[in-house]
Amino acid sequence: IPHKYEPEDPRPNDSQTMVVLGPGTGLGVAPIYWDEEKGYHPQPSEGGHKAWTPRNDLEWSLYTYLKTEVANGRAPDIETVASGRGLANIVNFLCCGDLPKGKKDKTIHKIKDLRKDSGFQRFVKNLGEGEPQVAGRKIIRAYKDKRFSPLLKYATNIFVDAVAGAARDVVHDFCAYNGVYISGGNARRLRKRFLSGRFMEIFDQSYEHTDKLRGTPVYLVTSRTLGTDGAARHAFGENVG
């Protein structure tokens, strides 16, 4: 994915570590380290359970909703937004949660109007009744079919922004400046959104070490058989690097 900004320092990053981020049903995170004997090898991580930080008034309202309705009073983690389940949480919030007050935003008013639509209410109800792993797919399919606009556009904006912020944070966590790979079906299905520039605009911004971020390659994995390929390699004892 092309960076939004050019690095100030043209020298390559000296880190050999990479990281994989998978916003699927949940949010999988795994650093990939270099070893002279093993080559590249992944390590388990629970990086998807870092706390989520909202970026604007709408997201702060979503934060309050998630804390009350999803996280049992605890601070919501990034997986409650940047995943298939997260997409369903966002849509449920836009359907039924308390939106920011006093905002003269035309889109907010359109969302309020859409809440009265019986077809949209049935759509949200069906999300809750189905399997959690397919909720994200249903939302993305409806978004691509231009149903329930602009609400689903808002939902996918929040999702993409959250994945971008998570990618930036885990790169810093593991010093994974050799590359970050965004995998998972939800990201692949929203390929155009990830390539539109919005993702990298957020990824490239950091309080410090922006130059390392801007020199970090970011890849969107589009393979449909990645999990099967990895499992097969592991089963036959092959190096996954």
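Analyst: Two strands count as paired if DSSP finds at least two bridges between them, and strands (E, at least two residues) and helices (H or I, at least four) are DSSP runs numbered from the N terminus. This is a predicted model, where local features need pLDDT of at least 70, side-chain atom pairs count only at pLDDT 80 or more, and totals for chains, interfaces and linings use all residues. Residues are numbered from 1 along each chain as its sequence is written, and side-chain values use heavy atoms, leaving out hydrogens and water.

User: Why are β3 and β5 called edge strands?

Analyst: The open sheet has 5 strands in the order β3-β2-β1-β4-β5, with mixed pairing. β3 (39–42) and β5 (218–220) each have a single partner strand, so one side of each lacks a neighbour in the sheet. On average, neighbouring strands here are turned by 20° against each other, direction ignored.

User: How do you know that α6 packs on the sheet?

Analyst: Contact means heavy atoms within 4.5 Å, and α6 touches β1, β2 and β4 (180–182). Its direction makes about 155° with that of β1; angles run from 0 to 180 degrees between N-to-C directions, and axes are lines fitted to C-alpha atoms, for helices over the stretch in contact.

User: What describes the packing of α2 and α5?

Analyst: Helix α2 (residues 84–96) and helix α5 (residues 132–144) have axes 7 Å apart, at an angle of about 60°. The crossing is left-handed, meaning the near helix is turned anticlockwise from the far one by less than a right angle (clockwise would be right-handed). Among the residues that meet are Leu87 and Val91 in α2 and Ile139 and Ile140 in α5.

User: Why is Asn72 called exposed, and what about Lys146?

Analyst: Exposed means over 50% relative accessible area, buried under 20%, partly exposed in between (1.4 Å probe, protein chains only). Asn72 has 62%, so it's exposed; Lys146, at 70%, counts as exposed too. Asn72 lies in the loop between α1 (57–69) and α2, with a positive phi of about 55° although it isn't a glycine. Lys146 is in the loop between α5 and α6, and its phi is near 60°.

User: What makes the Ser149 to Pro150 bond stand out?

Analyst: That peptide bond is cis, with omega near 5°. Pro150 is found in the loop between α5 and α6 (151–174).
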